[in-house]
Amino acid sequence: MPVQRLNHAVLYVRDVERSVAFYREALGFDVVMGMRGAAFLQAPGSSNDHDLGLFQIGEQAAPSPAGRTSVGLYHLAWEVDTLEELERVQAKLAELGALVGSSDHGTTKALYAKDPDGLEFEVSWLVPAALLTEEILSARAHIRPLDLDADKQRYGAQTRGGVGVSIPA
């Protein structure tokens, strides 16, 4: 049986309480289990036991050199169901000073942010399979600036995005 999806991610962080507070406020995650120096969080509406594990390693921890001086994970990506929700998350991440970029990948509309330890993550909305066109599919070859207002007009603010890869059945 092939891999179906990513079930959860685990991050080493400097301060678990600070990271829990950030992921709660930024993305609405809830703590489902905690212990000294660790917490397990679940995204709203998730059916996973947990979506994110956090393990504290202390304030002395150096920044991750991944992508600068070593190989390593670049970012995690979470999907939202509507462009309206993506816009809400964009505003919240900007308010927290965590938003570091956004882009339009044709089939995916994406925000990029960093958590308190500088670990990058993505929040995205996927064009539903029923709305995919050759134009949208070919747009994956070029990264463009995100224009949420234009995308809401084109797809609808409340249109539920594709789950996983938006491939027509």
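Trainee: Which residues of strand S1 (residues 9–13) are on the covered face, and which are on the uncovered one?

Mentor: Good place to begin! This is a predicted model. In S1, Ala 9, Leu 11 and Val 13 make up the covered face, while Val 10 and Tyr 12 belong to the uncovered one.

Trainee: How many bridges join S1 to S4, and do the strands run parallel or antiparallel?

Mentor: There are 5 bridges, and S1 and S4 run parallel. Ala 9, for example, stands opposite Leu 52 in S4.

Trainee: Now the open sheet: in what order do its strands come?

Mentor: Its 4 strands follow the order S5-S8-S7-S6, with mixed pairing. S5 and strand S6 (99–104) are at the edges because each has a single partner strand, so one side of each has no neighbour in the sheet. From one strand to the next, the twist averages 20°.

Trainee: In which sense do S6 and strand S7 (residues 108–114) pair?

Mentor: They pair in the antiparallel sense, over 5 bridges. Look for Gly 101, whose bridge partner in S7 is Tyr 112.

Trainee: Which residues does the UniProt annotation "domain: VOC" cover?

Mentor: In that unreviewed entry, the annotation covers residues 5–126. Over residues 5–126 the chain is 20% helix and 37% strand, and the end C-alpha atoms are 15 Å apart.

Notes: Residues numbered from 1 in each chain as written. Predicted model: local features only at pLDDT ≥ 70, side-chain atom pairs only at ≥ 80, totals over all residues. Heavy atoms only, no water. Buried < 20%, exposed > 50% of the residue type's maximum accessible area, 1.4 Å probe, protein only. Helix = DSSP H or I, 4+ residues; strand = E, 2+ residues; numbered from the N terminus. Pairing = 2+ DSSP bridges. UniProt positions renumbered as here; feature names shortened; annotations may be inferred. Axes fitted to C-alpha atoms, helices over the stretch in contact; angles between N-to-C directions.
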